[in-house]
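Subject: Structure for your files, with notes

Dear colleague,

Please find the structure below, together with the sequence. My notes on what was found in it follow directly after.

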Amino acid sequence: MKNSTKPIDDATPLDDIPGLKLPLNKVYTIQEIYVHEANNIALATLKYLSAPPSKKLAPFTYEWFSTLHKDMFGDVWNWAGKFRQVELSIGIKAYQIPTFLKELADDIAYWDENQTFDIYETAARIHHRAVQIHPYQNGNGRWSRMLANIYLLQHGSMPVKWQEDLLSKENPKRDKYIQALKSADSGDYFNLIEIHKITY
Ligand SMILES: Nc1ncnc2c1ncn2[C@@H]1O[C@H](COP(=O)(O)OP(=O)(O)OP(=O)(O)O)[C@@H](O)[C@H]1O
Ligand SMILES: [Mg+2]
């Protein structure tokens, strides 16, 4: 890592970033990488959210979960759409990821068929389960929020206005969002469901 005497912040140029697909003729700052990620995600947003997505485009199957992650991050990271092999502080054990994601796909199909919950609660539960599993090395938050939005639009609601500055740790809304996810961990979905009703 260059500039080792200076604290690393978003404007610090980084070298040797494993998995980065951007041209190697320069070093990138975290800010620059965010911009590339945001451009990639904008393309995925066009693909899935410019009109209500069909079941064919967005089938909520096990395989498609990773297609979506790759659509969002595949221009920037070579691990996009590939399950992590390492343990993280958030998420289940890496070896359990396929089993749990298959179970989530099955549950979504069941919830849809039986109308177990209303669409906001279903979107909230998809979002929460996806982020609890945390299948990928990074981008799990943005991917799970995209899943919720695709589900909402596919089922007649507008997408949630996430204000992707949720990325930023300084966003006061982020605390509320993280707290709502934590309540959902203990089975209380109320706040997370409410967040999914704040649509465009
Ligand atoms: N205690 C927690 N602290 C932070 N994030 C949490 C926590 N619990 C669950 N999460 C989820 O994990 C996500 C962060 O995971 P990851 O870094 O893989 O995703 P990301 O898309 O890069 O993040 P971001 O939310 O910053 O866009 C958060 O967005 C949130 O959905
Ligand atoms: Mg992240």
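**Helix 1 and its surroundings**

Helix 1, which covers residues 30-49, has 20 residues and reaches 27 Å from its first C-alpha to its last, close to the 28 Å expected at 1.5 Å a residue. The expected span of a helix is taken here as 1.5 Å times one less than its number of residues, and the helices (H or I, at least four residues) and strands (E, at least two) are DSSP runs, numbered from the N terminus. Please bear in mind that this is a predicted model, in which local features need pLDDT of at least 70 and side-chain atom pairs count only at pLDDT 80 or more, while totals for chains, interfaces and linings use all residues. Residues are numbered from 1 along each chain as its sequence is written, and chains are lettered from A and ligands numbered from 1 in the order in which they are written.

Within helix 1, the residues Glu37, Asn40, Ile41, Ala44 and Tyr48 are buried. They lie on the same side of helix 1, because they cover an arc of only 100 degrees around the axis, the arc being that of the directions from the helix axis to the C-beta atoms. A residue is called buried if 20 or more other C-beta atoms lie within 10 Å of its own, exposed if 12 or fewer, and partly exposed in between, with C-beta atoms placed from the backbone. The exposed residues Gln31, Asn39, Ala42 and Leu46 are carried by the face of helix 1 that is turned away from its buried side.

The buried residues of helix 1 pack against helix 2 (62-73) and helix 5 (140-154). One of the buried residues, asparagine 40, counts as buried with 21 C-beta neighbours inside 10 Å. Not counting residues up to four places away in sequence, asparagine 40 touches Met72, Phe73, Asp75 and Val76, where two residues are in contact if their C-beta atoms, placed from the backbone, lie within 7 Å. Asparagine 40 and isoleucine 90, by contrast, are 50 residues apart in sequence and 24 Å apart in space, C-alpha to C-alpha.

How many of the 15 residues of helix 5 are buried? The count is 15 of the 15, so helix 5 is largely enclosed by the rest of the structure. At 1.5 Å a residue these 15 residues should span 21 Å, and the end C-alpha atoms of helix 5 are 21 Å apart, which agrees. Helix 5 is followed by glycine 156, whose phi is positive, near 90 degrees.

Two packed helices are described by the angle between their axes and the distance between the axes. For helix 2 and helix 5, the packing angle is about 115 degrees and the axes are 10 Å apart; axes are lines fitted to C-alpha atoms, for helices over the stretch in contact, and angles run from 0 to 180 degrees between N-to-C directions. The contact is made by Leu68, His69 and Met72 of helix 2 and by Arg142, Trp143, Met146 and Leu147 of helix 5. By class, this contact has 5 nonpolar, 1 polar and 1 charged residues, given that Ala, Val, Leu, Ile, Met, Phe, Trp, Tyr, Cys and Pro count as nonpolar, Asp, Glu, Lys and Arg as charged, and the others, Gly among them, as polar.

Phenylalanine 60, in the loop between helix 1 and helix 2, has a phi near 55 degrees, a positive value in a residue other than glycine, and phenylalanine 60 is partly exposed, with 19 other C-beta atoms within 10 Å. Glutamine 115, in the loop between helix 3 and helix 4 (119-133), likewise has a positive phi, near 45 degrees, and is exposed, with 9 other C-beta atoms within 10 Å.

Lysine 161 is found in the loop between helix 5 and helix 6 (172-185) and is exposed, with 10 other C-beta atoms within 10 Å. Leaving aside its neighbours within four places in sequence, lysine 161 is in contact with Ile198, Thr199 and Tyr200. The C-alpha atoms of lysine 161 and tyrosine 200 are separated by 5.8 Å, although the two residues are 39 residues apart along the chain.

Finally, aspartate 9 lies in the segment before strand 1 (13-14) and counts as exposed, with 9 C-beta neighbours inside 10 Å.

With best regards
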